[in-house]
Amino acid sequence: MTRLIFLGAPGAGKGTQAKLLAESQGIPHISTGDILRAAVAHQTPLGVKAKQYMDAGELVPDSLVIDLIRERLQEPDAQKGWILDGFPRNEPQAGFLDTLLQEIHQECDRVINLDVPDEVVVQRLVKRGEDSGRSDDNEATIRRRLDVYREQTAPLIAFYQTKNALVTIDGNQSMDAVTAALKAAVA
Ligand code: AMP
């Protein structure tokens, strides 16, 4: 059973790598960012509430993502394992996840921290914004997302270091090298 949490700054390559690994393991890749972007695109009540925060580079309120994760982890496909990408994003979300996993009798087996220097992350995100047109990949919002990451998400590295098996992987290598390092880490 593979149940993983991916940590790392925006642009560290979490989404790409989590998706590849999830496909190779036949388990769902659960990205709160992807779910929220789909909700914004479809103008659902969740999307309407989330959009202003996402465009500003801020985290959406915890209650919105917590409900979403509670439901998603209880879907049939998530009973075979999962990779969480972009959740938890702060200490309250991490505390919620701990309690939820106990309630549903699941356990996260590794927390992967994809480590990439800030300058590289900014370059990658600016490029992604040009290529994909993602509205939060402009330089001002990117800087804010990095600050939010440093203030709210990076403290989870220490939180998981004491709790679970945290593995830090150098994300500043070729995509194939990162994929290989990840496969070795979860083998
Ligand atoms: P991501 O695709 O993970 O970089 O997320 C894009 C945006 O979605 C973030 O900048 C937040 O506004 C929002 N978001 C994604 N996941 C979360 C989360 N776990 N908690 C709060 N906001 C989130």
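What covers the buried residues of α7? I took this up first, keeping in mind that the model is predicted.

**Helix α7**

I found that the cover includes β1 (2-8), α3 (45-56), β4 (110-115), α6 (118-132) and α8 (155-163). I then checked the length of helix α7, residues 139-153. Its 15 residues should span 21 Å at 1.5 Å a residue, and the end C-alpha atoms are 20 Å apart, so the two values agree. I listed the buried residues of α7 as T141, I142, R145, L146, V148, Y149 and T153. They lie on the same side of α7, because they cover an arc of only 160° around the axis.

**Residue L84**

I looked up L84 next and placed it in strand β3, residues 81-85.

**The ligand**

Which of the 16 residues around the ligand come nearest? I wrote down T32, R37, E58, G86 and Q93. For E58, a backbone N or O atom lies 2.6 Å from a ligand oxygen atom. In the side chain of R89, an N or O atom is 3.0 Å from an oxygen atom of the ligand. The side chain of Q93 has an N or O atom 2.9 Å from a nitrogen atom of the ligand. Taken alone, the ligand exposes 480 Å², and the protein buries 96% of that.

Terms used
Residues are numbered from 1 along each chain as its sequence is written. This is a predicted model: local features need pLDDT of at least 70, side-chain atom pairs count only at pLDDT 80 or more; totals for chains, interfaces and linings use all residues. Side-chain values use heavy atoms; hydrogens and water are left out. Helices (H or I, at least four residues) and strands (E, at least two) are DSSP runs, numbered from the N terminus. The expected span of a helix is 1.5 Å times one less than its number of residues. Buried means under 20% relative accessible area, exposed over 50%, partly exposed in between (1.4 Å probe, protein chains only). The arc is that of the directions from the helix axis to the C-beta atoms. Contact means heavy atoms within 4.5 Å. A residue is near a molecule or strand if one of its heavy atoms lies within 4 Å of it. A polar contact is a pair of N or O atoms within 3.5 Å; within protein, one must be able to donate a hydrogen and the other to accept it, and residues adjacent in sequence count only if both atoms are side-chain atoms. Accessible areas come from the Shrake-Rupley method with a 1.4 Å probe; for residues, only the protein chains shown count as cover.
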